[in-house]
Amino acid sequence: MTGHAAETVTSAWSMYRAIVGIGAFCALVIVVVFQSTAERIRDNQARFLAAAISEVLPETRETVAVTRSENGRLEATSDSLPLPVFLAYGSGGDLAGAVVTAQGMGYQDNIRVIYAYSFAENAIVGFKILESKETPGLGDRVEIEPHFIANFVALDVSLDSSGTALKNPIVTVKQGEKNGAWQIDGITGATITSEAIGNLLNDSAGSWVPVLERDARTIAPPESK
Amino acid sequence: MAKKTITPTDEFVKGLWRDNPVFVQVLGMCPALAVSNTALNALAMGLATTFVLLMSGLSVSLLRNFIPREARIVCYICIIATFVTSVDYLIMALSLELHRALGAFIALIVVNCLILGRAEAFASKNTPARSLLDGLGMGIGFTLALLFIGVVREILGSGSLFGYPVLPDTFQTWTVMVLPSGGFFAMALWLLIVNRIKKKAADAARKPAEVTA
Amino acid sequence: MNDASYWSIFLNAALVNNFVLAYFLGICPFFGVSSRLETALRMGAAVSFVMLVASVCAFLINLLLDAVGAPYLRIISYILVISSTVQLVEMLMKKFSPATFRAMGIYLPLITTNCAILGLALFQTNRSYGFTQAVVFSLGAGAGFVLALILMAGVREKLELNEVPDLVKGTVAALVVAGILSMGFMGFAGLGR
């Protein structure tokens, strides 16, 4: 009997120490790997983003990350956000435009894009797909098809008279049927992906352009070096 | 009862063909089909899985006398999840693009029945050295299987191999091969070939016995 | 918070991007259980339930992890919650329906390693779904899983009554059927937008 009792006691203790021990071991490994890779990952992400920004708005020399504060006003931020937005300044320290990241559901999975908004033209002047898992050969043609890319040389996103919404919502139309600067000429055979991009741009521009137009000049530009 | 001694080489080699995880044991199919639409993704996934197999097999084997029977599955899962998280961050540090291409499927390595299966069936009962060999063999066998599927899908579906075009432009790519259906078909094709080879080998092994009988 | 509507999330998870036929999640049990319609239905029900619970738990865990700033604990916490849920389902089933428990056999604990459940938790996190969206997502995924299982089981039962060459019998045939089903489901593209 004593032998049996001793066995159960040891068993409970060995269970306890195993679970705690394994837990501690696992936590240690995870934290070590996380800490040692964190900086490299941050660098990778920053480099990737910087490259994307200069691709969509080449005249960018400096950027200031912005976000919407609680009362809806634009304010500079140093937090790293999942969908960052930047004000871009040219070589003379002047406001060259704004760069916005956005995401939306495509056919297969989320699509993440980055686009450049020009205050001078009230239009989207640069566009790049950051992440997409669309069907190769079909949906992913949005990344390479010339007539689709040409949509974003000057996609009209001017505001209506109240300044709170887009005058003409961005909409994707069938290939070849584009007759307005706010329309996106879609790709036949990649309708869903084309429409998804139209929808996500409409949502993003509709929510950011009014705020940018109203508040961008209130943000202090970075000190010129 | 004498235990058949398995040489270290055999521990390693068995994972490559005889007990190939994908084609023989039919384990770990989810990632095999999901990320094998290009050869590069297949290779990356295979290597990541091999890493987790090795590290978790080693850990489980080292800790095998420390983990009580009742709590073993929970402990194995914890250990496997730890190394999956590690490989996730390592890939992110190595190449953001690759990480985006593989996406959630890196994290899904943790539910790859192969890893838990090897921990339970082998690593918990063998020395670290043998567990390492077993993990390496299974991992490479898994990677090779994934590569076979990935190569077929990429060549037929995109006309390229590791991104380099290998078929002339006039070739109308079989887009279905890079779609989910293609994964099923490519896997079926290889399984068919493997079955055929095994059947031939079994028939050949049987024939001499029949002749003498 | 994602902008997708509930209806489109449900349809997307169930049909357009069916977990088994489009994302390859949940294949192991899919091929293991789909040879008999009855076991398929039971498995589908169990998986759907675990999916729902896992989805809610994943949402709550994610809130906690974001609050403490420990994203690296995500995988390990998700999988531990999923295993506990499966244990719970096993216990409940043993108590309330022992016959079903015996019929399910090894497949019940295998739900833990069912990539579909962890995949569900990870996808809903990646797409930043809100609470109701996550629940709808899990309901759609479960429904889609059951649907795929039923279709597959139906076909495989019929297939067994026919003459199929030895080499193709079993898994190879099942894979080809799955491929054809997957192509069929592609026809749902665009539904619910």
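**Chain C and its neighbours**

Modeller: Within chain C, residues 24 or more positions apart account for 82% of the contacts with a separation of 6 or more. The model is a predicted one, and the description that follows should be read with that in mind.

The secondary structure of chain C consists of nine helices and zero strands. Read from the N terminus on, its elements therefore follow the order α-α-α-α-α-α-α-α-α.

The overall dimensions come next. Along its principal axes, the C-alpha trace of chain C spans about 60 × 45 × 25 Å. A compact globule of 193 residues would have a radius of gyration near 16 Å, and the 17 Å of chain C agrees with this. Of these 193 residues, 48% count as buried; a residue is counted in this way if 20 or more other C-beta atoms lie within 10 Å of its own.

We may now turn to the contact between chain B and chain C. Chain B contributes 31 residues to this contact, and chain C likewise contributes 31 residues. On the side of chain B that touches chain C, two or more residues come from each of these elements of chain B: helix H2 (29–34), helix H4 (72–94), helix H6 (104–107), helix H7 (113–121) and helix H9 (180–212). Among them, H9(B) gives the most, with 12 residues. When the residues on this side of chain B are sorted by class, 24 are nonpolar, five are polar and two are charged.

Chain A also touches chain C. Here the contact takes 10 residues from chain A and nine residues from chain C. On the side of chain A that touches chain C, at least two residues are supplied by each of helix H1 (2–56), strand E4 (95–105) and helix H3 (191–215) of chain A. The most comes from H1(A), which gives three residues. By class, this side of chain A has six nonpolar residues, three polar residues and one charged residue.

Five residues of domain 1 of chain A are in contact with 13 residues of domain 2 of chain A. On the side of domain 1 that touches domain 2 in chain A, three residues are nonpolar, one is polar and one is charged.

Notes: Residues numbered from 1 in each chain as written. Chains lettered and ligands numbered in written order. Predicted model: local features only at pLDDT ≥ 70, side-chain atom pairs only at ≥ 80, totals over all residues. Contact = placed C-beta atoms within 7 Å. Helix = DSSP H or I, 4+ residues; strand = E, 2+ residues; numbered from the N terminus. Nonpolar A, V, L, I, M, F, W, Y, C, P; charged D, E, K, R; others polar. Rg over C-alpha atoms; globule rule 2.2 N^0.38 Å. Buried ≥ 20, exposed ≤ 12 C-beta atoms within 10 Å, placed from the backbone.
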